[in-house]
Amino acid sequence: MEEFDFGMVGLGVMGRNLLLNMADHGFSVAGLDLDAEKAASLEQEATEEHKVKGTTDAQSFVALIKKPRAIMLLVPAGKPVDAVINSLLPYLEEGDIVVDGGNSYFPDTNRRVEELEAKGIHFFGMGISGGEKGARFGPSMMPGGNQSAYERLRPIFEAIAAKVNGEPCVTYLGKGSAGNYTKMVHNGIEYAIMELIAETYDLLKRGFGVKNETIQQLFEDWNNSELASFLVEITADILKKNDEVTGKGLLLDYISDTARAKGTGKWTSQNAMDIQAPVPSIDAAVQMRDISKYKEERVAASKLLPYDGIATDIDEETLLKTLKDAFYFSMINIYAQGMAQLYIASKEYDYGLQLEEVAKIWRGGCIIRAVCLEDFRKAYDANKDLPNLLLDATLAEKVGATQQAARDVVKLAVDKGVPVSVFMTALAYFDSYRSETLPTNLIQAQRDFFGAHKYERTDVDGIFHTEWN
């Protein structure tokens, strides 16, 4: 007994692939699942070189792991995580480590850290990005918890993580729920970039009647440019896939436009409002998924509220070049919003996040990996306390050079009646952030007028109230 380096509870696709990834790198691993078939399939997928064990019994599973034990949970967020922890607790000992690898809401992680710390057990919340292929061959991982306890996990995690320039896409991020929080914001950025891509596709296809083949080639070309990223890459692949059911046209043209979500984008927006971190493009992306659910109402509204659009004389070559620059502008602004939220949250929750490290581990393995993340890493390397990427001189120059394209695309979309919420909010965020003065002085006056909420003056210190009538 006590001969296995690492244990995994939950042997679905992600859990099983992570264990096999560890086994590939020479670690002995054990898995626990109440489904006997899943426990057996783990061993069946292993090779002769692997040291792998599957079981359905919690007590014998815990006994297999070397002390201090390192056990990861990959089960649905919420009550299932607590249920698994409670099932393991009778067999765990002081110094053991439990890692939640799911997308748990960060306050739940904070609670679990405190509850298990009282029992002498270390609890980690760790975001994992990269999907099933990433889990098998190299994900990006975002762990947060006790720093000294992380040393038990570090050799294993660094071995299985994706690598960029030989550097593993995993690092200790901070105490408590730092890992889960970082993954939450990662997913918020993911929502916004996905919506940005969808808006690009919609404006081209519905707004300008561009053919599927041209749009596909556009994304393929973009993926060989400064826009190269996982999400752009898979979009080019999606636009190649023909429908096998009908044998006619693209599969994409037959997929419902009612979007689903698991909640991490919503959590990002909700918490951003709590800590006063403006992320309007992430908010817009969440709202667009929400409005997509009202299909029947949208169909009815399309008949009652028609708009034919305004003819434009822009040629296709100019349109595609303008869109590329506008996409770059918007993408940088989306990342700027998300990274600024991490900056604010790190101070609010005392995480101690190093944003250069965050940018570094997002360069590979994860869903939002993109070549521009190396530019972000350099920006944070130059200024460890950079509050917003837009304040980096190099990035500011690049964004400034593409802002006119963003303005032009928004105008084109308005004229065509095609919704581009993320393009619009990225531009509005940029214009607001670069404005030395904003009209919120009028809002302060209004608040004082109807509620005596008082205001500050620009010429003298103090808090003031006026009898406006």
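**Note on a predicted two-domain model**

1. The C-alpha centres of domain 1 and domain 2 are 32 Å apart. Domain 1 covers 6-172 and domain 2 covers 183-433; these bounds come from an automatic or database domain assignment. The contact draws 22 residues from domain 1 and 18 residues from domain 2, where contact means heavy atoms within 4.5 Å.

2. Some ground rules. This is a predicted model: local features need pLDDT of at least 70, side-chain atom pairs count only at pLDDT 80 or more, and totals for chains, interfaces and linings use all residues. Residues are numbered from 1 along each chain as its sequence is written, and side-chain values use heavy atoms, with hydrogens and water left out.

3. The size of an interface is often given as the accessible area lost when the parts come together. Between domain 1 and domain 2, about 1,500 Å² is buried, and carbon and sulfur atoms give 63% of that. Buried area here is the accessible area (1.4 Å probe) that two parts lose on being put together, summed over both. On the domain 1 side, Y105, F106 and M142 lose the most area to domain 2, together 33% of what that side buries.

4. Two salt bridges are counted between domain 1 and domain 2. The criterion is a side-chain nitrogen of Lys or Arg within 4 Å of a carboxyl oxygen of Asp or Glu. E167 also pairs in a salt bridge with K360, with the closest N and O atoms 3.8 Å apart.

5. Five residue pairs are in polar contact between domain 1 and domain 2, both residues at pLDDT 80 or more. A polar contact is a pair of N or O atoms within 3.5 Å; within protein, one must be able to donate a hydrogen and the other to accept it, and residues adjacent in sequence count only if both atoms are side-chain atoms. On the side of domain 1 that touches domain 2, β6 (122-129), β7 (140-144) and β9 (167-168) each supply at least two residues. Helices (H or I, at least four residues) and strands (E, at least two) are DSSP runs, numbered from the N terminus.

6. The whole structure holds 36 salt bridges. One pairs R111 with E115, the closest N and O atoms being 3.4 Å apart. R111 and E115 both sit in helix α5 (residues 106-117), four residues apart, about one turn of the helix.

7. Two backbone points to check. K67 and P68 are joined by a cis peptide bond, with omega about -10 degrees. P68 is in the loop between α3 (58-64) and β4 (70-73). Q276, a residue other than glycine, has a positive phi near 60 degrees. Q276 lies in the loop between α11 (264-274) and α12 (280-292).
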